[in-house]
Amino acid sequence: MMVSRKNSILQLVYLGGDLFATAVAFFLAYYLRFFTDLIPVRYGVPPFQQYINVLPLLLSVWPVIFYFHGLYQIRRARSYIDEFFSVTASVGISTAVVWGALLYYRVYHQRGLSGPALEPARVLFLYFMVLDIVGILLARASIRRVLEEMRRRGYNIKKVLIAGAGTLGETVARKIREHEELGYEIVGFLDDDPEKRVAAGYPVIGKTSEVSVMVDQLHADFLIIALPLSAHETMMQILHSTRNEIVDIKIVPDILEYVAIRAGIEDLDGVPIVNLSDLPLRGLNSFFKRVMDIIFSMAGLILTGILFPFIFALVRFRSSGPIFFKQERMGLDGKSFLMYKFRTMTVDAESQTGPVMSHKNDPRVTTGGKLLRKFYIDEWPQFWNVLKGEMSLVGPRPERPFFVYYFKEQIPQYMLRHKVRSGITGWAQVNGWRGNTSIEKRIEHDLYYIENWSLALDLKIMWLTLVRGLSHSDL
């Protein structure tokens, strides 16, 4: 297929850019380490040839790690922020692999890169890692800019023909139109309704029985079948008519209202089954996320211990009572647990009102509690919940059972957020949907997180939590 060939060319372009940036970063790191005074050289300057010998190893490891991080999947709509975290993680892992291999080589073979050559290499590799991240991101951004400019000038445009001018087809057309950067051009609709002339602003150019002719005449790259379930026979006829056409066929199932989480294909002894609630956070993904949770939660608890005298003073400032506050919350699989926080409200704050959500300028919040909430410090005891496995660093915020039982009757798909561990911070929170804000928007962001989870997304959310400060006095 022509599309596959073009994708292969693009993959090679990205690969070439990555390898070129990596080689340049390595040479520049060598120069900065041994021929500048940024950090004094204690062991003399090792021969350049010894580091040239390392370059083939670098250029072999990098593509493998990048491949497994999905950096060679051609996706026109890839976010720059997502790419930043994927590249950073890939370069970090790759550098660690190469550095470990060099240490093994030094310890067990004691030849080539020995003593004086490796002692200063730690600094060199630190320089290299930073320079490589910057270089690869710049190379990839440049490639993307060129591709975008080419698409603006009409190059590499994919023609899309949509079979089905109903609600489903119009939804697909609107989504395509909203993302012009993808380089898709809708050439028209096919529909058997004689009253249908226009759909989503595009002409209805024929009947579904004419699909084969239209694909040929319009040179369509993609045929998107967006028909209702009741049109099963029509769908089969379209597939039969286009079985010999050189066109990529995609089917949009008329079950979108039931697909709250990414659907996946399972195999039952050769029979494909569509799973409407497939989760990316399973298996090894779940293991890696748990490892990250343990490492960061232990670090968080150590930091909490160091700052505890200061926190103690803030909690007790003009407010007597316990330091910690615990409350029942609902987490993974709807199971309840006790979530811990530093107390930021007056004692028995709900004794008169019963369970109510906090809000901006809540009079129940103490003077010291305002400062703790402003800098997110009141949530730090939840590192203990994370370490115990009741929560995660990142995920939907856990809610109290009282509110869960209310919201699940009022908001469709609310309980799907309990398919993953609750988090100290989450995608909804870093996008401003926290505390007494729209529950629907929070659920929308929580489901997006569950569907699109990756370690890179978790790191992105943690970074945004730090950068934006999450002044969350209404949590």
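**A guided reading of the predicted model**

Six strands form an open sheet of mixed pairing, in the order 3-4-2-1-5-6; two strands are said to pair if DSSP finds at least two bridges between them. The edge strands, each pairing on one side only, are strand 3 (198-199) and strand 6 (248-251). Helices and strands here are DSSP runs, numbered from the N terminus, with at least four residues (H or I) for a helix and at least two (E) for a strand. The structure is a predicted model, in which local features need pLDDT of at least 70 and side-chain atom pairs count only at pLDDT 80 or more, while totals for chains, interfaces and linings use all residues. Residues are numbered from 1 along each chain as its sequence is written, and side-chain values use heavy atoms, with hydrogens and water left out.

The loop between strand 3 and strand 4 holds A200. A200 is not a glycine, yet it has a positive phi of about 55°. A200 counts as buried because its relative accessibility is 17%; buried means under 20% relative accessible area, exposed means over 50%, and partly exposed lies in between (1.4 Å probe, protein chains only).

Helix 8 (residues 211-218) lies across strand 1 (158-163), strand 2 (184-190), strand 4 and strand 5 (222-225), and runs at about 165° to strand 1. Helix 9 (residues 232-241) lies across strand 1, strand 5 and strand 6, and runs at about 165° to strand 5. For such angles, axes are lines fitted to C-alpha atoms, for helices over the stretch in contact, and the angles run from 0 to 180 degrees between N-to-C directions.

The loop between strand 2 and strand 3 contains D191. Is D191 buried or exposed? D191 is buried, because its relative accessible area is 15%. Leaving aside neighbours within four places in sequence, D191 is in contact (heavy atoms within 4.5 Å) with G164, A165, G166, K196, V204, G206, K207 and T208.

The discussion now turns to charged side chains. Side chains of opposite charge can pair when their charged atoms come close. A salt bridge is defined here as a side-chain nitrogen of Lys or Arg within 4 Å of a carboxyl oxygen of Asp or Glu, and the whole structure contains 11 of them. One of these joins the side chains of D18 and R140, at 3.0 Å from N to O. This pair links distant parts of the chain, for D18 is in helix 1 (residues 2-34) and R140 in helix 6 (residues 121-152), 122 residues apart. Both D18 and R140 are buried.

A further salt bridge joins E379 and K341, at 3.5 Å from N to O. Here E379 lies in the loop between helix 11 (367-374) and helix 12 (382-388), whereas K341 lies in strand 10 (residues 336-342), 38 residues apart. E379 counts as buried because its relative accessibility is 1%, and K341 is buried as well, with a relative accessible area of 7%. E379 also forms a salt bridge with R397, the closest N and O atoms being 3.2 Å apart. R397 lies in the loop between strand 11 (391-394) and helix 13 (401-410) and E379 in the loop between helix 11 and helix 12, so this pair ties together parts that are 18 residues apart in sequence. Both E379 and R397 are buried. Salt bridges that share partners also join D18, E83, R140 and R144 into one network.

L284, F287, F288, V291, I295, F296 and L455 form a nonpolar patch with about 650 Å² of accessible area together. Patches are made of residues with over 30% relative accessible area and no salt bridge; like charges are joined within 9 Å, and nonpolar side chains (Val, Leu, Ile, Met, Phe, Trp, Tyr) within 5 Å. Accessible areas come from the Shrake-Rupley method with a 1.4 Å probe, and for residues only the protein chains shown count as cover. The largest share of the patch, six residues, comes from helix 10 (residues 284-316). L284 is exposed, because its relative accessible area is 59%.

Finally, the protein as a whole has 16 helices and 12 strands. Of its 475 residues, 44% count as buried.
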